[in-house]
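This briefing goes through a single protein chain, topic by topic. It is meant to be read with the sequence and the structure at hand.

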Amino acid sequence: MDMVNQLLIHLIIILFPIFIQQFFFSRKKIIDNLHYQILNGCMFGLSAVLCMAVPVQMIGSFQGDLRSIPLIISIVYGSGKYVPGIIALLIAVLYRYYICGDAVLIAELSFLLILGPAFLFVKSFLGYSSVRRIAICLLLSLNSVFITYVLLTFYIKSYQYDMEGQIHSLMMSMILAFASLIGMGISTLLKEHLIETAYLKLELERSEKLKIVSQIAASVAHEVRNPLTVVKGFLQLVKESVDDKKKDYLKIALDELDRAEFIITDYLNLAKPHSDQLELIEVASFLGSTLEMMNSYGLIQNVQIQLNCNQTDLYVRADKPKLSQVLLNLIKNGVEAIPDYGEVTINAYYRFEEIFIEIIDTGKGMSKEDLDNVGTAFFTTKDTGTGLGVLVTVRIVEALKGKIAFESVVGKGTKVVLRFPAAKKNH
């Protein structure tokens with residue numbers, strides 16, 4: 001009974017820093033801040049220390065606890081940063097040295113064996129699905145249980161306990177293993193809930209911004225386009241009856257009118273991204289024809305565009321003109337991001353019931369701050385532009401039941417990943 005009570009105390013200690021985090025998690029700029037990462041590591045490190053301070057007596061002087069849970073959580077849920085996990089681990093290790101005991105070296109070895117595999121997932125962990133992340137955490141918890149059992153077995157054999165003592169220790173190990181899995185399960189479910197809540201909050205904020213822009217687009221775009229069309233028509237008529245110098249002026253005016261029409265079209269696409277004209281599209285041939293339209297533009301910019309897709313059985317169901325608009329816009333952005341010369345690579349492949357299309361450029365890349373703002377209204381890294389191109393692209397992808405993600409490194413380039421549900425060809 002005492003063991004159960006102590007394990008319940010451990011669970012409260014483990015969950016405490018997760019509840020504290022919910023006040024910070026939804027604010028991404030705070031999460032990326034070094035001070036927050038240090039605070040995060042200290043909270044989970046303190047949680048591990050408190051677990052060690054009230055251990056469960058297994059057999060003899062061998063003690064068990066749930067210290068591995070907060071340490072694993074701090075490592076894998078560190079938003080791709082090593083700082084929280086390292087700080088939490090250092091706090092736990094220093095405390096273990098402070099309390100000393102006969103098995104300090106064995107305890108440090110257990111830290112290495114239990115937490116070493118967790119550090120392998122730091123960078124890739126948040127890229128996995130929610131179910132996969134929970135499964136990984138449970139496996140890491142099972143690993144900690146297994147290592148604890150091995151050390152316990154070694155301890156029992158070293159001190160030559162009788163059969164009754166061995167059975168008692170086995171029962172205690174099973175209870176500890178059950179508590180460890182329960183604690184890890186609850187912790188990961190709470191962390192996933194925080195991630196989902198933060199994502200929904202960001203989506204709600206973005207949706208509100210899009211709603212405002214869409215309302216402006218719907219009320220203004222048509223009214224502005226009509227007089228522009230009239231002015232453009234008259235300028236084209238006048239152009240035929242003026243001298244060459246005035247023709248140059250009129251050409252500039254017409255070019256600016258074309259640019260204004262392009263901006264208005266972006267607003268209209270933003271207001272009405274949906275389309276019911278869906279058709280089965282064979283990805284490889286569609287990408288090939290799309291690239292043909294961009295090759296000349298790439299050559300002018302000293303950029304080589306290449307396609308990697310040898311599969312002819314990749315199909316998506318989409319609106320062809322709108323999907324073409326998405327790809328042309330992203331490829332054009334990739335070409336324009338390259339200052340001198342380089343290449344834009346398009347990869348297409350099938351994975352997990354989805355078709356992936358990657359657009360990778362070797363351009364100047366984007367900073368972390370710029371990457372966070374990509375897809376928001378009126379944000380652009382270009383000297384000239386409205387910031388609506390990527391926003392329209394995101395809206396179209398979402399309307400086609402797809403997903404879009406951006407990855408970028410300053411000085412190395414940008415990678416855009418499109419994901420669409422795979423479709424099957426009807427025979």
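**Salt bridges and helix packing**

Both aspartate 65 and arginine 67 are buried, and their side chains meet in a salt bridge with an N to O distance of 2.7 Å. The model is a predicted one.

**Overall make-up**

- The protein has 13 helices and 9 strands.
- Of the 427 residues in the protein, 42% are buried.
- Counting contacts between residues at least 6 apart in sequence, 74% join residues at least 24 apart.

**Salt bridge between glutamate 192 and arginine 133**

- Side chains of opposite charge can pair when their charged atoms come close.
- The side chains of glutamate 192 and arginine 133 form a salt bridge, at 2.6 Å from N to O.
- This pair links distant parts of the chain, with glutamate 192 in helix α8 (residues 163-239) and arginine 133 in helix α7 (residues 130-159), 59 residues apart.
- Glutamate 192 has a relative accessible area of 7%, so it counts as buried, the limit being under 20%.
- Arginine 133 is also buried, with a relative accessible area of 7%.

**Salt bridge between lysine 332 and glutamate 336**

- Lysine 332 and glutamate 336 meet through their side chains in a salt bridge of 2.7 Å, N to O.
- Both residues belong to helix α11 (residues 320-336); because they are 4 residues apart there, about one helical turn separates them.
- Lysine 332 is partly exposed, with a relative accessible area of 33%.
- Glutamate 336 is partly exposed as well, at 30% relative accessible area.

**Packing of α3 and α4**

- Two packed helices are described by the angle between their axes and the distance between the axes.
- For α3 and helix α4 (residues 68-76), the angle is about 165° and the axes are 8 Å apart.
- Angles over 145 degrees count as roughly antiparallel, and α3 and α4 are therefore roughly antiparallel to each other.
- The crossing of α3 and α4 is left-handed.
- On the α3 side the contact is made by Phe44, Ser47 and Ala48, and on the α4 side by Pro70, Leu71, Ile73 and Ser74.
- The residues of this contact between α3 and α4 comprise 5 nonpolar, 2 polar and no charged.

**Serine 47**

- Serine 47 lies in helix α3 (residues 34-53) and is one of the residues through which α3 contacts α4.
- Its relative accessible area is 2%, so serine 47 counts as buried.
- Leaving out residues up to four places away in sequence, serine 47 touches Ile13, Ile14, Pro17 and Pro70.
- Among these, Pro70 belongs to the α4 side of the helix contact.

**Lysine 425**

- Lysine 425 sits in the segment after β9 (413-421).
- With a relative accessibility of 44%, lysine 425 counts as partly exposed.
- Apart from neighbours within four places in sequence, lysine 425 is in contact with Leu280 and Tyr315.
- Lysine 425 and aspartate 313 are 112 residues apart in sequence, and their C-alpha atoms are 8.3 Å apart in space.

Key:
Residues numbered from 1 in each chain as written. Predicted model: local features only at pLDDT ≥ 70, side-chain atom pairs only at ≥ 80, totals over all residues. Heavy atoms only, no water. Helix = DSSP H or I, 4+ residues; strand = E, 2+ residues; numbered from the N terminus. Buried < 20%, exposed > 50% of the residue type's maximum accessible area, 1.4 Å probe, protein only. Contact = heavy atoms within 4.5 Å. Axes fitted to C-alpha atoms, helices over the stretch in contact; angles between N-to-C directions. Parallel < 35°, antiparallel > 145°, perpendicular 65-115°, else oblique. Left-handed = near helix turned anticlockwise from the far one by under 90°. Nonpolar A, V, L, I, M, F, W, Y, C, P; charged D, E, K, R; others polar. Salt bridge = Lys/Arg side-chain N within 4 Å of Asp/Glu carboxyl O.
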